Amino acid sequence: MNVRAPSEHTFNDKQYELELQIFHSVADVSLNRYVAVLSFLFEAGEASPFLEGLVSNTTTTMSNLTATYTDYYAYHGSDTFPACTEVYNWFISAEVKTAS
């Protein structure tokens, strides 16, 4: 899991305060695309129960984050840092959440 501030992804050229990237990979690296990244954008506003749980080291689940997300943008891409390996399937939530 990576947290980027400000966000690496943008919507309509707007950069957001925070981006949470959750990485999932498979053991078979012979596949062309073997890493999936779920990415969530946040703007300043009300607290996020999921992020609050991460910060306070209390129990939090993916359902706290993904329960209301239904629309995603998807593309084949690479790492956002060197060596920029092109084995990533990016899924960026279309809904921007708030965080304090």
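pLDDT is the predictor's confidence in each residue, on a scale from 0 to 100. The structure shown here is a predicted model, and its chain averages a pLDDT of 83, with 82% of the residues scoring at least 70.

## Confidence and overall layout

The highest mean, 96, belongs to strand 3 (residues 14-15), and the lowest, 63, to helix 2 (residues 62-66). Where pLDDT is low, the predicted coordinates should not be read in detail.

The chain holds two helices and eight strands. Read from the N terminus, the order of these elements is β-β-β-β-β-α-α-β-β-β.

Of the chain's 100 residues, 31% count as buried.

## Aromatic residues

The chain contains six aromatic pairs. One of them is formed by F11 and Y73, whose rings are tilted, at 5.3 Å centre to centre and with 55 degrees between the planes. This pair links distant parts of the chain, since F11 sits in strand 2 (residues 10-11) and Y73 in strand 6 (residues 72-77), 62 residues apart. F11 has a relative accessible area of 17% and therefore counts as buried. Y73, with a relative accessible area of 48%, is partly exposed.

Another aromatic pair is that of Y88 and W90, which is stacked, with 6.2 Å between centres and 20 degrees between the planes. Y88 and W90 are both buried. These two residues also belong to one aromatic cluster, together with F23 and Y75.

## Individual residues and their surroundings

The table lists the relative accessible area of several residues.

| Residue | Relative accessible area | Class |
|---|---|---|
| S48 | 8% | buried |
| F11 | 17% | buried |
| C84 | 39% | partly exposed |
| Y73 | 48% | partly exposed |
| M1 | 55% | exposed |
| D13 | 75% | exposed |

S48 lies in the loop that runs between strand 5 (35-44) and helix 1 (49-55). Although it is in a loop, S48 is buried because its relative accessibility is 8%, which falls under the 20% cut-off. Apart from neighbours within four places in sequence, the residues in contact with S48 are F42, T98 and A99.

M1 is placed in the segment before strand 1 (2-4). Its relative accessibility of 55% is over the 50% cut-off, so M1 counts as exposed.

## Backbone details

Most residues other than glycine have a negative phi, and most peptide bonds are trans. Several places in this chain depart from that pattern, among them two peptide bonds and two phi angles described below.

The peptide bond from A5 to P6 is cis, with omega near 0 degrees. P6 is part of the loop between strand 1 and strand 2. A cis peptide bond also runs from P82 to A83, here with omega near 20 degrees. A83 is in the loop between strand 6 and strand 7.

C84 is found in that loop as well, between strand 6 and strand 7 (88-93). Phi of C84 is near 55 degrees, a positive value in a residue other than glycine. C84 is partly exposed, with a relative accessible area of 39%. Leaving out residues up to four places away in sequence, C84 touches S78 and D79.

D13 has a positive phi too, near 65 degrees, and is likewise a residue other than glycine. The location of D13 is the loop between strand 2 and strand 3. Is D13 buried or exposed? With a relative accessible area of 75%, D13 is exposed.

Key
Residues are numbered from 1 along each chain as its sequence is written. This is a predicted model: local features need pLDDT of at least 70, side-chain atom pairs count only at pLDDT 80 or more; totals for chains, interfaces and linings use all residues. Side-chain values use heavy atoms; hydrogens and water are left out. Helices (H or I, at least four residues) and strands (E, at least two) are DSSP runs, numbered from the N terminus. Buried means under 20% relative accessible area, exposed over 50%, partly exposed in between (1.4 Å probe, protein chains only). Contact means heavy atoms within 4.5 Å. Rings of Phe, Tyr and Trp (its six-membered ring) pair if their centres lie within 6.5 Å; planes under 30 degrees apart count as stacked, over 60 as edge-to-face and the rest as tilted.
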